[in-house]
Structure formats: structure tokens, C-alpha cells
Amino acid sequence: MKYTNSIEIALPREKVAQLLADPAHIPKWLRGLVLHEPVNGIHGQLGTTSRVVLQSGQRKFELTETIIRRDPADLHGIPKESVVHFDRETVGPGIWSVVRDRLTEANPDTTFWESESEYRFSSLPMRLVGLLMPGSFHRQSQQHMQDFKAFAEQGKDVREGKD
């Protein structure tokens with residue numbers, strides 16, 4: 001299953017990239033995050049593998065995330081014509097996914113964020129979820145992007161309870 005989401009954020013691209021890459025901010029915009037800790041490497045850097053625990057309702061699930069692309073490595077002084085890439089691979093029970101995020105400059109004060117997601121399912125329960133509810137993955141990805149936008153532009157924190 002593959003799909004693409006996008007959103008515009010009313011901040012310069014360099015600021016958006018820095019906020020996305022800062023591990024201290026992840027719990028503020030990633031709903032359901034219980035834990036996101038590196039098991040090797042430096043948080044958010046190329047090649048780093050992290051243990052990620054998410055909760056959805058009463059169900060907790062653990063995933064392993066690996067940063068497979070971060071370009072440029074230095075998020076300060078990014079040339080205007082450059083595209084910022086954040087790609088990560090995630091593996092969990094019955095599921096594999098890769099997300100390819102691209103940040104481009106819409107104008108000097110606005111960033112266009114495009115995110116391509118691809119999922120593969122290896123267990124029967126996950127195959128059924130993917131087959132019966134593919135839209136739920138797409139909607140959840142868009143919700144994460146909207147939550148990040150609200151955090152970045154207005155300082156809203158998803159842990160404060162308002163949906």
C-alpha cells in the first residue's frame with residue numbers, strides 16, 4: 001500500500017526541518033507516542049536505530065525505526081534550492097513501512113511538506129487491517145502532519161488533550 005500526504009506550514013523551511021529533527025519535540029506532535037529512544041546512533045541522525053512504542057486506545061505496539069536518509073545532515077544554512085529529505089524505515093510485528101519526507105520552500109516564509117508512505121504486511125491480521133482499512137493509515141499520517149503544523153505554528157501540544 002502506498003499513499004502521499006502534504007501540507008503547508010507557515011514557517012521557513014530551515015525552521016521546520018530543525019523542529020522535525022529535534023527529538024525533544026516529537027512527543028508534542030506525534031499522537032500516541034509512549035517512547036522514542038535510540039538503541040544505536042544519535043537521535044535523528046542517518047543510520048540511527050530507535051525503539052518506538054506507540055499506543056492506540058488500550059493497545060500498545062513496539063516498532064524499530066531506522067533513519068535511512070537525512071539530507072542535508074546539517075540543518076543550518078540550507079541552500080534555498082535544496083530539498084530537505086528525512087526518510088525512515090519502520091519494522092514491527094507483521095508490518096514494514098518506509099516514509100519519505102520532503103521539505104521544499106514554497107516561499108521564504110512557508111514550507112511545503114510532502115510525505116510518501118509505503119506499507120507491507122507480513123502477518124494475516126495486519127494484511128486484513130491493510131485490506132479492510134487502508135484509509136485509516138492515510139488519515140493517521142495526515143493527522144500527524146496537521147498536529148506538527150499546529151505545534152510548529154502555534155505551539156499546540158497533542159498531550160494537552162484537545163483533538
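Student: In which element is Arg13 found?
Tutor: Good place to start! This is a predicted model, and in it Arg13 is part of a helix. That element is helix H1.

Student: Which residues is Arg13 in contact with, leaving aside its neighbours within four places in sequence?
Tutor: Contacts here mean heavy atoms within 4.5 Å. One part of the list for Arg13 includes Ile78, Pro79, Lys80, Ser82, Val83 and Val84.

Student: How many Å apart in space are Arg13 and Gly44?
Tutor: Along the sequence, 31 residues separate Arg13 from Gly44. From C-alpha to C-alpha, the distance is 17 Å.

Student: Let's step back. Which pattern does the protein chain follow along the sequence?
Tutor: Begin with the parts: the protein chain has four helices and seven strands. Reading them in order along the sequence gives β-α-α-β-β-β-β-β-β-α-α.

Student: Why does the radius of gyration of the protein chain agree with a compact globule?
Tutor: For 163 residues, a compact globule would have a radius of gyration near 15 Å. The C-alpha trace spans about 45 × 35 × 25 Å along its principal axes. The protein chain agrees with the globule value because its own radius of gyration is 16 Å.

Student: Which residues have the most contacts inside the largest nonpolar core?
Tutor: In soluble globular proteins, nonpolar side chains tend to be buried together. Here the largest nonpolar core has 31 residues. The elements giving two or more residues to this core include strand E1 (2–9), helix H1 (13–21) and helix H4 (134–154). The residues with the most contacts inside the core are Ile9, Leu20, Phe86, Leu103, Trp113 and Phe148.

Student: Which residues does Phe86 touch, not counting residues up to four places away in sequence?
Tutor: Phe86 is one of the residues with the most contacts inside the core. Among those it touches are Ala17, Leu20, Ala21, Arg69 and Arg70. Phe86 also touches Leu75, Val99, Arg100, Asp101 and Leu103.

Student: What separation do the C-alpha atoms of Ala10 and Thr111 have?
Tutor: Ala10 sits in the loop between E1 and H1. Leaving out residues up to four places away in sequence, Ala10 touches Asp109, Thr110, Lys149 and Glu153. Ala10 and Thr111 are 101 residues apart along the chain, yet their C-alpha atoms are separated by 6.5 Å.

Student: Is the peptide bond from Asp71 to Pro72 cis or trans?
Tutor: Most peptide bonds are trans. Pro72 lies in the loop between strand E4 (59–71) and E5. For the bond from Asp71 to Pro72, omega is near 5°, and the bond is cis.

Student: How far apart are the C-alpha atoms of Pro72 and His85?
Tutor: Apart from neighbours within four places in sequence, Pro72 is in contact with Ile78, Val83 and Val84. Pro72 and His85 are 13 residues apart along the chain, and their C-alpha atoms are separated by 7.2 Å.

Student: What relative accessible area does Ser117 have, and is it buried or exposed?
Tutor: Ser117 lies in strand E7. Not counting residues up to four places away in sequence, Ser117 touches Met1, Lys2, Tyr3, Val98, Val99 and Ser141. With buried meaning under 20% relative accessible area, Ser117 is buried, because its value is 3%.

Notes: Residues are numbered from 1 along each chain as its sequence is written. This is a predicted model: local features need pLDDT of at least 70, side-chain atom pairs count only at pLDDT 80 or more; totals for chains, interfaces and linings use all residues. Side-chain values use heavy atoms; hydrogens and water are left out. The radius of gyration is taken over C-alpha atoms; the globule rule is 2.2 Å times the number of residues to the power 0.38. A nonpolar core is a set of buried Ala, Val, Leu, Ile, Met, Phe, Trp, Tyr and Cys residues joined through side-chain atoms within 4.5 Å. Buried means under 20% relative accessible area, exposed over 50%, partly exposed in between (1.4 Å probe, protein chains only).
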